[in-house]
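Take a look at the fold below.

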Amino acid sequence: MTYVVTDNCRGCRYTECVTVCPVECFHVDDAMTYIDPENCIDCGGCAPACPVGAIEPDYRLAADKKFWVDVNRKRATETPVISARLAPLPGADQRRQALGR
């Protein structure tokens, strides 16, 4: 099992998840974060820390969200590790409200 960042993160990029991760498994680009499944220790601390509900264990993903496992795996190899909190993206609070969070 691994945890997966899904499309709810896109356009928000809240990084509270990074601050609770005991290993540096998060990666970041201009739009969102990703979890490296090779480094994730499945502690689950990141999921409740995400204010937009973007992080799920892979086994709980809906069928139409399963592709995010491969997206996270691929993007983790292409993007830098993040180990400290960043400011959310402009418009993140509006996106959060639109997601009902």
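Contact here means heavy atoms within 4.5 Å of each other. Leaving out residues up to four places away in sequence, Ile82 touches Thr15, Val18, Phe26, His27 and Val28.

A word on the source. This is a predicted model, in which local features need pLDDT of at least 70 and side-chain atom pairs count only at pLDDT 80 or more, while totals for chains, interfaces and linings use all residues. Residues are numbered from 1 along each chain as its sequence is written, and side-chain values use heavy atoms, with hydrogens and water left out.

Where does Ile82 lie? Ile82 is in the loop between helix H3 and helix H4 (92–98). Helices (DSSP runs of H or I, at least four residues) and strands (runs of E, at least two) are numbered from the N terminus. Is Ile82 buried or exposed? Ile82 counts as buried, at 7% relative accessibility. Buried means under 20% relative accessible area, exposed means over 50%, and partly exposed lies in between, using a 1.4 Å probe and protein chains only.

Now move to Ile55, in strand S4 (residues 55–57). Ile55 is buried too, with 4% relative accessibility. Beyond its neighbours within four places in sequence, its contacts include Tyr3, Val4, Val5, Cys17, Phe26 and Ile35. Val5 and Ile55 are 50 residues apart in sequence, yet 4.5 Å apart from C-alpha to C-alpha.

Next comes helix H3, residues 67–78. Its twelve residues should span 16 Å at 1.5 Å a residue, and its end C-alpha atoms are 17 Å apart, so the two values agree. The expected span is 1.5 Å times one less than the number of residues. Which residues of H3 are buried? They are Trp68, Val69, Asn72 and Ala76. These residues cover an arc of only 110 degrees around the axis, so they sit on the same side of H3. The arc is taken from the directions that run from the helix axis to the C-beta atoms. Asp70 and Thr77 are exposed on the other side of H3. The buried residues of H3 pack against strand S1 (3–5), strand S2 (26–28) and strand S3 (33–35).

Follow the chain into the loop between S3 and helix H2 (46–49), where Asp42 is found. Asp42 has a positive phi of about 60 degrees, although it is not a glycine. Asp42 is partly exposed, at 27% relative accessibility. Asn39 lies in the loop between S3 and H2 as well. Asn39 is partly exposed, with a relative accessible area of 36%. Not counting residues up to four places away in sequence, Asn39 touches Val23, Glu24 and Cys25.

Finally, look inside. The structure holds one cavity of 30 Å³ or more. On a 1 Å grid over the protein atoms alone, a cavity is a set of points where a 1.4 Å probe fits but cannot get out; lining residues have an atom within 4 Å of a point. The largest cavity holds about 70 Å³ of space. Its volume is the space filled by probe spheres set on the points, which are joined across faces, edges and corners. Among its lining residues are Tyr3, Val20, Cys25, Asp42 and Cys46.

Notes:
On a 1 Å grid over the protein atoms alone, a cavity is a set of points where a 1.4 Å probe fits but cannot get out, and a pocket is an open set with protein on both sides within 12 Å along at least five of seven lines; lining residues have an atom within 4 Å of a point.
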